[in-house]
Amino acid sequence: MGHYGLLLSALLPEIRFEKDFSLALHTTVGVGGNTAAFLPLSRAQLFSVVRLCERCNVRYFPLGGGSNVLPSDDGFNGVILSTSAFDGVSVDGEHVTAECGVGVGKLLSVCKRRQLTGLEFLAGIPAKVGGLTYMNAGTADGHVGDCIESVTFLRAGKVYTYTKEQCQFSYKTTVFQQFPCVILSVRFALKKAQEGEVFENISRMLEKRKHLPTGKSMGCTFKNPTVDLSAGKLIEDCNLKGFRVGGAVVSPRHANFILNDSHATAQDYISLIEHIKRTVREQTGVRLEEEIRYIR
Ligand SMILES: Cc1cc2nc3c(=O)[nH]c(=O)nc-3n(C[C@H](O)[C@H](O)[C@H](O)COP(=O)(O)OP(=O)(O)OC[C@H]3O[C@@H](n4cnc5c(N)ncnc54)[C@H](O)[C@@H]3O)c2cc1C
């Protein structure tokens, strides 16, 4: 846990470091212990941290909005890399380039101001550009990869720019899940909108999301097994709505959301996820696969 971070922080004294970074406070699910974290302020600082981690064989975990991750109660055996300082956005013509730490709210307000359409389906998703891209986040109205022209990232000390095809976007998967890397920035190819169109689309998307559960969660916990088979429906059909382990409870509104009633531990979540997978497998024969990423 902390001792790797402390060692690295001694070698990088100029870079902001927290030895007791609270995973519960920096994730939407609100569970998890404390761990070591670097909070670099520039690309040069980010590169130094990653270089040192790679040289010292210390694992690093880039953290965006923390909205699709389940931390461990024991923290993380490595260092968290906060991307929150990387929040620059630039526009040229119908292209928007956003750094990894730009939140959905800021991204959409730039699109609205510059009358650029394409990303409105992201409205209401509590995420950052790096996390959206890594996960190929989206809804029935579209996935972020559809609007991406290229992604610039750091891997093993080198900066690469991949085209959309090289990113291998498909349902909840991307090439970035295959190797350790830090997505630095993303270039979106959008279209000129009519006056008021972006605002209207965003309002419509937010309206559509009103039925979703509120409260602490990671959004959908499991991937849909196929296009026509939703994980939520399978869980609901197994009568698991409202089922709980400790403070983690299957949302009565949407069975793919697991809510933290404020007293949950990460272990409650892990036990409940195992229970759901086992029950669905036994009752329907379907093997559910997590969409969420574990920090462990
Ligand atoms: C209430 C709620 C509603 C949601 N609704 C949706 C929805 O409609 N559609 C949907 O697809 N998802 C949804 N989600 C899930 C989540 O918002 C998405 O998966 C989102 O893409 C995660 O982005 P993030 O910035 O929070 O990433 P994080 O949770 O911080 O990280 C997720 C993964 O991305 C990696 N990562 C993050 N930044 C970088 C980077 N710069 N470089 C490399 N790797 C990086 C992390 O290491 C981790 O493995 C919802 C979540 C919540 C809580």
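Into which domains is the chain divided? I looked this up to start my notebook: domain 1 is 2-82, domain 2 is 89-210 and domain 3 is 213-295. These bounds come from an automatic or database domain assignment.

**Ground rules.** I am working with a predicted model, where local features need pLDDT of at least 70, side-chain atom pairs count only at pLDDT 80 or more, and totals for chains, interfaces and linings use all residues. Residues are numbered from 1 along each chain as its sequence is written.

**Domain 1 meets domain 2.** I found 24 Å between the centres of domain 1 and domain 2, taken over C-alpha atoms. Their contact takes 13 residues from domain 1 and 13 residues from domain 2; two residues are in contact if their C-beta atoms, placed from the backbone, lie within 7 Å. On the domain 1 side, helix α2 (residues 43-56) gives the most, with 6 residues. I also noted the classes on that side: 5 nonpolar, 5 polar and 3 charged residues. (Ala, Val, Leu, Ile, Met, Phe, Trp, Tyr, Cys and Pro count as nonpolar, Asp, Glu, Lys and Arg as charged, and the others, Gly among them, as polar.)

**Strand β3.** Next I turned to β3 (residues 60-63), where Y60 and P62 point one way, F61 and L63 point the other way, and all are buried. Buried is 20 or more other C-beta atoms within 10 Å of the residue's own, with C-beta atoms placed from the backbone. Helices (H or I, at least four residues) and strands (E, at least two) are DSSP runs, numbered from the N terminus. I saw that β3 pairs with β5 (residues 79-82) in the parallel sense, over 4 bridges; pairing takes at least two DSSP bridges. P62 has L81 of β5 as its bridge partner.

**Helix α3.** Which residues of α3 (residues 104-113) are buried? I listed V104, L107, L108 and C111. Seen down the axis of α3, they fall within an arc of 90°, so they line one face of the helix. The arc is that of the directions from the helix axis to the C-beta atoms. Among the elements covering these buried residues are β6 (89-92), α4 (129-135) and α6 (197-208). Just after α3, Q115 takes a positive phi of about 50°.

**Around the ligand.** Of the 32 residues around the ligand, I found that G64, G65, G130, G131 and G219 come nearest; a residue is near if its C-beta atom, placed from the backbone, lies within 6 Å. Helix α4 gives the most to this shell, with 5 residues. I counted up the shell by class as 17 nonpolar, 13 polar and 2 charged.

Methods. A residue is buried if 20 or more other C-beta atoms lie within 10 Å of its own, exposed if 12 or fewer, and partly exposed in between; C-beta atoms are placed from the backbone.
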